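Subject: Structure handover

Hello,

Please find the structure below. Some notes on what was found in it follow.

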Amino acid sequence: MSEKSVKTISHSGCDGLTGEMTFPGDKSISHRGLLLGSLAEGRSTLTNLAPGEDVGRTVDCLRALGVTVVEEENKFVLEGQGLRGFTEPKGSLDAGNSGTLTRLIAGILATHSFTTEIDGDDSLRSRPMERIIDPLESMGAKLDSREGKLPLVVTGGDLQGIEYRPEVASAQVKSSVLLAGLGASGKTTLLEPGPSRDHTERMLEAMGYPIRVDGDRITVSGPHPLDPLKLKVPGDFSSAGYFIAAACLLEGSELTIRNVGLNETRTGFLELLTEMGASIELTSSEERNREPRGDLVVSKSDLSGVSLTEDQVVKSIDELPLLAVVATQADGVTEVRGAEELRVKETDRIKATVTNLKNLGADIEELPDGFIVRGRSKLSGGRVESFRDHRIAMSTAVAALVAEGETELVEPEWVEVSFPGFFETMEGLLHG
Ligand code: S3P
């Protein structure tokens with residue numbers, strides 16, 4: 001058996017995080033730019049796409065479906081095929097680690113009258129797919145699975161619009177149904193149980209599609225040509241989150257972050273940090289391609305614990321493991337409840353977060369649907385794991401920077417799923 005890789009992380013001898021930085025493109029917007037661009041009438045150009053493995057899988061899957069995607073210097077050029085213009089792939093599509101790719105592309109494939117198998121890695125094979133199987137089947141597609149899990153075999157055709165209220169507030173489920181609705185006859189209405197990220201809706205609007213958003217009711221009305229995209233993807237707020245957190249926690253920090261996505265369905269973590277007392281200044285903002293973006297200055301802050309509302313849980317879902325890390329350094333109690341979705345992400349993120357932070361000496365209690373952190377705790381180095389989850393690897397790395405002594409992080413390479421170069425970027429700023 002091959003040895004697992006280990007990275008040693010320590011903060012000794014470093015100042016806080018200082019300097020100025022930009023982040024790789026937003027992963028959610030990148031997936032959507034590629035997928036929606038492939039459905040447009042004509043050529044789209046996408047710059048600053050997310051560089052990680054997940055988005056690379058989307059490019060590969062689109063190529064397997066007959067879409068021409070060319071990488072030129074720092075941009076991707078893709079030839080849209082119209083709403084139902086994919087061709088039948090030769091083999092199974094490999095979605096790797098990406099739930100977003102799987103669920104969104106299944107919605108598009110549901111409108112194509114051929115059969116496609118979608119498969120992925122062990123993590124993706126363990127994640128629930130009934131949440132998209134049910135609505136796509138009620139629209140008229142056929143989806144065979146291994147008891148609600150991958151491999152998923154999608155046979156599409158002529159769909160009929162539906163009105164649907166998912167049980168979970170999930171942008172992946174919402175987008176899957178809306179994308180199927182683009183190729184269906186009649187109206188498809190999605191009733192959102194919570195404010196999940198709205199990049200799909202914004203992008204459709206930017207492409208000239210007559211989408212209707214009326215509070216929590218989102219309606220698409222079948223085929224309508226999509227204008228090609230000229231998209232400059234903003235920096236990924238979730239990737240920036242690790243640096244924002246580290247700057248709040250490490251003495252001597254003053255970090256400027258430029259051109260980061262500030263869509264408010266994504267920035268729940270910023271809202272929470274501000275409530276906790278963080279010093280974060282928004283120094284400029286603009287909207288491009290219907291997506292808000294701007295610059296932030298973050299400094300070392302004294303923080304207090306926070307309790308989250310249901311909406312805040314949805315708007316900060318990917319940053320909750322990181323919030324737990326920050327909470328260990330805040331005075332008082334931080335409580336996260338209603339976040340059972342964390343158990344079905346790339347790993348069980350509640351268990352992974354609690355295990356790693358306990359190993360470093362934090363006072364954290366596991367709940368069925370979240371956790372309670374009692375701060376502040378003095379963390380000390382220990383042995384922790386990525387659990388083969390990019391976000392657990394990066395949030396635990398931030399904890400390791402706060403801890404005294406050395407921390408060994410097992411299987412750190414999983415950061416590559418969304419942020420290749422994460423450790424080098426962090427080290428560069430710490431020693432800058
Ligand atoms: C994503 C939606 C979220 C998020 C994931 C990316 C997306 O998942 O956790 O990292 O791009 O639509 P859910 O929509 O299932 O909550």
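How do the residues of the lining of the largest cavity divide into nonpolar, polar and charged? They divide into 5 nonpolar, 3 polar and 3 charged. In this scheme Ala, Val, Leu, Ile, Met, Phe, Trp, Tyr, Cys and Pro count as nonpolar, Asp, Glu, Lys and Arg as charged, and the others, Gly among them, as polar.

This is a predicted model, in which local features need pLDDT of at least 70 and side-chain atom pairs count only at pLDDT 80 or more, while totals for chains, interfaces and linings use all residues. Residues are numbered from 1 along each chain as its sequence is written, and side-chain values use heavy atoms, with hydrogens and water left out.

Cavities and pocket

On a 1 Å grid over the protein atoms alone, a cavity is a set of points where a 1.4 Å probe fits but cannot get out; a pocket is an open set with protein on both sides within 12 Å along at least five of seven lines; lining residues have an atom within 4 Å of a point. A volume is the space filled by probe spheres set on the points, which are joined across faces, edges and corners.

The whole structure holds 2 cavities of 30 Å³ or more. The largest has about 50 Å³ of space, and its lining includes Asp26, His199, Phe237 and Arg266. Helices (H or I, at least four residues) are DSSP runs, numbered from the N terminus.

The largest pocket has about 710 Å³ of space. Of its 40 lining residues, Ala169, Ser170, Ile317, Glu341 and Lys345 lie nearest the centre. By class, its lining has 9 nonpolar, 11 polar and 20 charged residues. Helix 10 provides the largest share, 4 residues.

Helix packing

Helix 1 (residues 27-38) and helix 2 (residues 53-64) pack at an angle of about 10°, with axes 9 Å apart. That makes the two helices roughly parallel (angles under 35 degrees). Axes are lines fitted to C-alpha atoms over the stretch in contact, and angles run from 0 to 180 degrees between N-to-C directions. Among the residues in contact (heavy atoms within 4.5 Å) are Leu34 and Leu35 in helix 1 and Val55 and Val59 in helix 2.

Regards

How values were computed:
Angles under 35 degrees count as roughly parallel, over 145 as roughly antiparallel, 65 to 115 as roughly perpendicular and the rest as oblique.
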